[in-house]
Amino acid sequence: MRVVRACPQAASEVLELVYLASRIEAATQADHAYRDAKRVISRLRNPLWEMGPADREALLAAAETIRRVCRIDEADIPVTPVADAGERARVEARLAAMLKDELEPAALARVTGIVAAALQD
């Protein structure tokens, strides 16, 4: 929350990060590839906002802790986060433009979810 107070523009990114971190435990029970954990680690290492050295070190320490606890090899962590906050919306817009006459909205939503998950892997 100190980051949000220091940089209110980062509030949505912080909320996304908190949400992703809260999903790690549940996701890793069903997802043995640790996709969400890898994404959170990558986001912690590559934040979307500027911060001071102390805050940056805290994020890097958190990323290392998650990596170590989940036993994820360094080589398996994406260098940059694949999925940002607007990726699903962009995927859905492109799929809708290409498949609007072929899929109903419910089917389009399912396809979008599958594509977004594949892009995060």
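1. Let me start with a loop. R71 sits in the stretch between α4 and α5, the latter covering residues 87-99. Its phi is positive, about 55°, even though R71 is not a glycine. Is R71 buried or exposed? It counts as exposed, because its relative accessibility is 76% and the cut-off for exposed is over 50%. Bear in mind while looking at this spot that the model is predicted.

2. Now the overall picture. The chain has six helices and zero strands, so along the sequence you simply read α-α-α-α-α-α. There are 121 residues, and 31% of them count as buried. The accessible surface comes to about 7900 Å², with 57% of that belonging to carbon and sulfur atoms.

3. The crossing of the two is left-handed.

4. Which residues make the α3 and α4 contact? On the α3 side they are A37, V40, I41, L44 and R45. On the α4 side you'll find R56, L59, L60, A62, A63, E64, I66 and R67. Sorted by class, the contact has nine nonpolar residues, four charged ones and no polar ones.

5. Helix α3 is mostly covered, with nine of its eleven residues buried. The buried ones are D36, A37, K38, R39, V40, I41, S42, R43 and L44. Note that the list takes in charged side chains, including D36, K38, R39 and R43.

6. V40 is worth a click. This residue belongs to helix α3, and V40 counts as buried because its relative accessibility is 1%, against a cut-off of under 20%. V40 is also one of the α3 residues in the contact with α4. Turning to L17, its C-alpha atom is separated from that of V40 by 6.8 Å, and the two residues are 23 apart along the chain.

7. L20 is in helix α2, which spans residues 11-30. With a relative accessible area of 3%, L20 is buried. What does L20 touch, leaving out residues up to four places away in sequence? The answer is R39 and V40. R39 and V40 are both among the buried residues of α3.

8. Last, another loop residue. A33 lies between α2 and α3. A33 is partly exposed, as its relative accessible area is 31%, which falls between the 20% and 50% cut-offs. The C-alpha atoms of A33 and I72 are separated by 9.0 Å, although the residues are 39 apart along the chain.

Key: Residues numbered from 1 in each chain as written. Predicted model: local features only at pLDDT ≥ 70, side-chain atom pairs only at ≥ 80, totals over all residues. Heavy atoms only, no water. Helix = DSSP H or I, 4+ residues; strand = E, 2+ residues; numbered from the N terminus. Buried < 20%, exposed > 50% of the residue type's maximum accessible area, 1.4 Å probe, protein only. Areas by Shrake-Rupley, 256 points an atom, 1.4 Å probe, with all protein chains shown as cover. Left-handed = near helix turned anticlockwise from the far one by under 90°. Contact = heavy atoms within 4.5 Å.
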